[in-house]
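Trainee: I would like to go through this model with you, one question at a time. Please give the cut-offs as they come up.

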Amino acid sequence: MSHGAGQRPPALGLLALLVTVPGVVVSLAGLHPSPPLAAVAFGVAIVGAAFVLAWAAEAAQVDISAGLAVAVLALIAVLPEYAVDFVFTARGGEAVAAYGPSCLAPGEETSSCSLALANMTGANRILVGVGWALVVLIAWRRLRGRGEPSATATRVTLGRPDAVPLAFLALASLYCLVLPFKRTLSLADTVVLLAIFVAYSWRVSRAPAGEPDLIGPSAWVGGLPRRPRRLTVVAMFVVAAAVILLTAERFAESLVETGAQLGISEFLLVQWLAPLASEAPELLVAGLYAWRLHTSEALGALVSSKVNQWTLLVGTLPIVFAASSGGWSGLPIEAAQREELLLTAAQSLLAVALLVGRTLTVRSALLLLGLFVAQFALSAAVPSSWRGRELVVLSVVYLVLAAATLIRNRRLVVPLFRDGLVTPYRQLGADMCCTTTAGKLRLRERVTISSSR
């Protein structure tokens, strides 16, 4: 692959680097613009850095196995989310060390521990409620635009190798159902969740190598000769990581200050605006793949990202908290966050249940999106004295739907876990081959974007 050699870097890649400059300059110069302006500058810098990370991870697929590349891409793409969440977790630990077990520093209305969990739950719910649904709905729109008479029957079908992240996501989701009933997110939870993540990483590392289908800046980097390509990928990782380290804490501070200045709940800003900014590159990349009708790749990457966030992100929060607090008591889970954790775990279980047959239909996508939007409608409708109970009710709806779906598709559960946890990749069939060359990708479009006639 040498088509990138001698060509100019794509304008989109240069633009992503340029938009990081204001936030980096403000941070390095120690400037203090108004909180809303600072939040925009630092947020845009994080988005630009996340795009660079995603392109670097995609280009790295040229040198590593296909399954491992998808996992690495999913991990790298959510690093901005990790950075912001770690800032709030570290602040919570420092508050506990200085002022006691409440995580609430003097003058604060919402504890940093609560904000850390809010940021994590918001990111997870956006990824499934918006991201997964987005892939199917874009494919449906594309088929409808082509005049397909049965576009409403559009469904995205994953290959047998995609059972691997689904199986591990199911394990993590089942375990995370216990978190709402605990007082702390402890190091014991870290051991379990990181064990799931390590096992998942080892499993996908066994996937065979293949030539990736790269687009845009990642295609330019992937087309460079071997040595320049690897140096460029490393440089992209380093630059993007430096930008995130310089701006993540200032972005978190600016969001909280913006909420106080504008009278907007800082909790809502941290739970929804910050994750939306950090997840934006991943959602846009998935949307672009779905627009090209490479929906299996798009959905597969989002499933892998969900595994990363639901295992590695959640599992590392107690480590960050312990390091910053100087103790081993665990990250406190306040009452309001138990409801948020319950809703997030319930949504994850329904998502896995809908994909137990490795197929996501338009109806299922609309269900995930509709339930995601419903939480906002219910929060606005219920009186303040009932605030939080609507999340419990919605959690029950998710769980009932998940149970009903699993019962209906119970014959598919054991094959999913067998393929995901035990079956060697070489025995998972020709589906894996459909992720490699352009010709095979066209074959996969016919297989995975189906309209029943």
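Trainee: In which helix is S173 found?
Mentor: This is a predicted model, in which local features need pLDDT of at least 70, side-chain atom pairs count only at pLDDT 80 or more, and totals for chains, interfaces and linings use all residues. Residues are numbered from 1 along each chain as its sequence is written, and side-chain values use heavy atoms, with hydrogens and water left out. Helices (H or I, at least four residues) and strands (E, at least two) are DSSP runs, numbered from the N terminus. On that numbering, S173 is found in helix 7.

Trainee: Is S173 buried or exposed?
Mentor: Buried means under 20% relative accessible area, exposed over 50%, and partly exposed in between, with a 1.4 Å probe and protein chains only. The relative accessibility of S173 is 0%, so S173 counts as buried.

Trainee: Which residues does S173 touch, not counting residues up to four places away in sequence?
Mentor: Contact means heavy atoms within 4.5 Å. With residues up to four places away in sequence not counted, S173 touches W310, S348, L349 and V352.

Trainee: Why is helix 7 said to be largely enclosed by the rest of the structure?
Mentor: The buried residues of helix 7 include A163, L166, F168, S173 and C176. C176, for one, has a relative accessibility of 1%, so C176 counts as buried. Helix 7 is largely enclosed because its buried residues come to 11 of the 14.

Trainee: How many Å apart are the end C-alpha atoms of helix 7?
Mentor: The expected span of a helix is 1.5 Å times one less than its number of residues. For the 14 residues of helix 7 (residues 163-176) that should be 20 Å, and the end C-alpha atoms agree, being apart by 20 Å.

Trainee: Which cysteines form a disulfide?
Mentor: The structure holds 1 disulfide, where a disulfide is a pair of cysteine sulfur atoms within 2.5 Å. Here the sulfur atoms are 1.7 Å apart, and the pair is C103 and C113.

Trainee: Where in the chain do C103 and C113 lie?
Mentor: The pair links distant parts of the chain, 10 residues apart. C103 is in the loop between helix 5 (79-99) and helix 6 (112-145), and C113 is in helix 6.

Trainee: Is the disulfide of C103 and C113 left-handed or right-handed, and why?
Mentor: C103 is buried, with a relative accessible area of 0%, and C113 also counts as buried at 0% relative accessibility. The torsion about the S-S bond is about -50°, so the disulfide of C103 and C113 is left-handed.

Trainee: How many Å separate the C-alpha atoms of S114 and Q337?
Mentor: S114 is found in helix 6 and counts as buried at 5% relative accessibility. S114 touches F267, E334 and Q337, not counting residues up to four places away in sequence. S114 and Q337 are 223 residues apart along the chain, yet their C-alpha atoms are separated by 6.6 Å.

Trainee: With which residues is T121 in contact, leaving aside neighbours within four places in sequence?
Mentor: T121 has its place in helix 6 and is buried, with a relative accessible area of 0%. Leaving aside neighbours within four places in sequence, T121 is in contact with Q271, Q337, E340, L341 and T344.

Trainee: How far apart in space are T190 and L317, C-alpha to C-alpha?
Mentor: T190 is found in helix 8 (residues 187-204) and is buried, with a relative accessible area of 5%. T190 and L317 are 127 residues apart in sequence, but C-alpha to C-alpha the separation in space is 8.0 Å.

Trainee: Where is R358 placed?
Mentor: Phi of R358 is near 60°, a positive value in a residue other than glycine. The place of R358 is in the loop between helix 13 and strand 4 (359-361).

Trainee: What share of the residues of the protein count as buried?
Mentor: The secondary structure of the protein comes to 17 helices and 5 strands. Among contacts between residues at least 6 apart in sequence, 84% join residues at least 24 apart. Of the 453 residues of the protein, the share that count as buried is 55%.
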